[in-house]
Amino acid sequence: MDSELFKQGLIENDLSKIRKASKVDVHNHCGLGMRFSTFNKWAGGQVTAPPKTMDGIKGLDEYIFGETFKYINKEEHIEFLIEEAIKEAIEDGVKIVEPSIDCSTITFFENSKDFFKLIEDIREKYKNVIDFRPEVGMPKSILNENIEKWMVPCIESGVFKSMDLYGDEALEKFERFKEVYVYGRKKGLKLKAHAGEFQGPENVRKAIEILEVDEVQHGIGAGNSNYVMDLIKERNIRLNICPSSNLILGAVKDIKSHQVRKLFYKEIDITINSDDLLIFNSGVSEEYLLLYKMGVFNENELNYIREESLKR
């Protein structure tokens with residue numbers, strides 16, 4: 001029934017039907033996981049809306065740090081951000097969500113145990129309607145001392161199911177993070193990293209070979225190298241792709257020429273995700289519909305991607 005509803009929704013341009021079909025959102029940044037209208041109302045109604053296009057990660061960071069983060073400074077604010085991201089996912093028919101929570105969030109709490117308990121309590125609250133798999137993330141700009149102070153305790157908490165690394169792809173080499181990734185693997189976390197969003201296949205290859213990731217966030221640059229695409233297939237690595245994010249940040253010129261089609265026909269495991277709902281104003285259902293309307297995939301191909309994404 002999910003498949004028929006989903007395909008009908010695409011053909012009929014009916015988001016309500018698409019939303020009823022089970023989906024995943026495994027590339028989702030929790031602090032930006034709700035609609036702008038929700039955040040703006042909560043923050044008092046004076047928040048400047050995000051621009052329609054941005055200058056890559058630089059433009060994204062300028063908006064986030066210059067606008068949204070100034071409203072977030074208390075424990076209860078973190079609770080709101082996490083819970084609203086979960087509610088949005090449920091509303092969109094998402095059954096598995098892996099929202100990334102920055103490791104620096106631990107600093108909002110006097111006791112780290114309160115931070116971990118909050119996440120566990122939210123997970124328990126919604127367990128009957130969604131599989132909430134908390135993910136801990138860190139920016140490439142993080143100081144080594146803060147990897148020890150923030151990231152390591154999060155890994156050791158047992159609360160998080162995966163870890164991610166994000167930020168300017170040209171900013172840091174992956175080698176600096178190898179030790180903490182080895183530790184994350186030892187503790188049973190799924191390993192992810194942002195790579196190949198703005199840079200080419202070499203960036204993806206390094207993330208795979210140095211950090212030994214299970215999944216790459218974006219990874220669209222891999223489409224320019226048969227060698228790297230083969231490497232992804234051989235290691236059974238999943239690419240978690242966010243088309244609207246790629247377009248608005250300037251990583252692709254248009255959706256019709258997006259590398260996701262090439263990656264799919266190379267039989268690489270891919271998922272379709274929201275990235276930052278507050279910024280890009282497009283949930284997973286809307287991303288599927290966008291790909292259909294732009295002629296990137298037909299309804300059967302998109303349904304296959306949706307079904308396969310639920311298997312991990």
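Is Cys30 buried or exposed? In this predicted model, Cys30 is buried, its relative accessible area being 3%. Cys242 is likewise buried, with a relative accessible area of 0%. The structure contains zero disulfides. Cys30 takes part in none, and the nearest cysteine sulfur, belonging to Cys154, lies 13 Å away. For Cys242, the closest cysteine sulfur is that of Cys30, at 15 Å, which is too far for a bond; a pair of cysteine sulfur atoms is counted as a disulfide within 2.5 Å.

The packing of two helices was then examined. Helix α1 (residues 2-12) packs with helix α15 (residues 299-309) at an angle of about 135 degrees, and the two axes are 10 Å apart. The arrangement of α1 relative to α15 is therefore oblique, and their crossing is right-handed. On the α1 side, the contact is formed by Asp2, Ser3, Phe6, Lys7, Leu10 and Ile11, while α15 contributes Glu299, Asn300, Leu302, Asn303, Arg306 and Glu307. Classified by residue type, this contact comprises five charged, four nonpolar and three polar residues.

Helix α9 spans residues 201-211, and its buried residues are Pro201, Asn203, Val204, Ala207, Ile208, Ile210 and Leu211. Glu212 follows α9 and has a positive phi, near 55 degrees.

Terms used. Residues are numbered from 1 along each chain as its sequence is written. This is a predicted model: local features need pLDDT of at least 70, side-chain atom pairs count only at pLDDT 80 or more; totals for chains, interfaces and linings use all residues. Side-chain values use heavy atoms; hydrogens and water are left out. Axes are lines fitted to C-alpha atoms, for helices over the stretch in contact, and angles run from 0 to 180 degrees between N-to-C directions. Helices (H or I, at least four residues) and strands (E, at least two) are DSSP runs, numbered from the N terminus. Angles under 35 degrees count as roughly parallel, over 145 as roughly antiparallel, 65 to 115 as roughly perpendicular and the rest as oblique. A crossing is left-handed if the near helix is turned anticlockwise from the far one by less than a right angle, and right-handed if clockwise. Contact means heavy atoms within 4.5 Å. Ala, Val, Leu, Ile, Met, Phe, Trp, Tyr, Cys and Pro count as nonpolar, Asp, Glu, Lys and Arg as charged, and the others, Gly among them, as polar. Buried means under 20% relative accessible area, exposed over 50%, partly exposed in between (1.4 Å probe, protein chains only).
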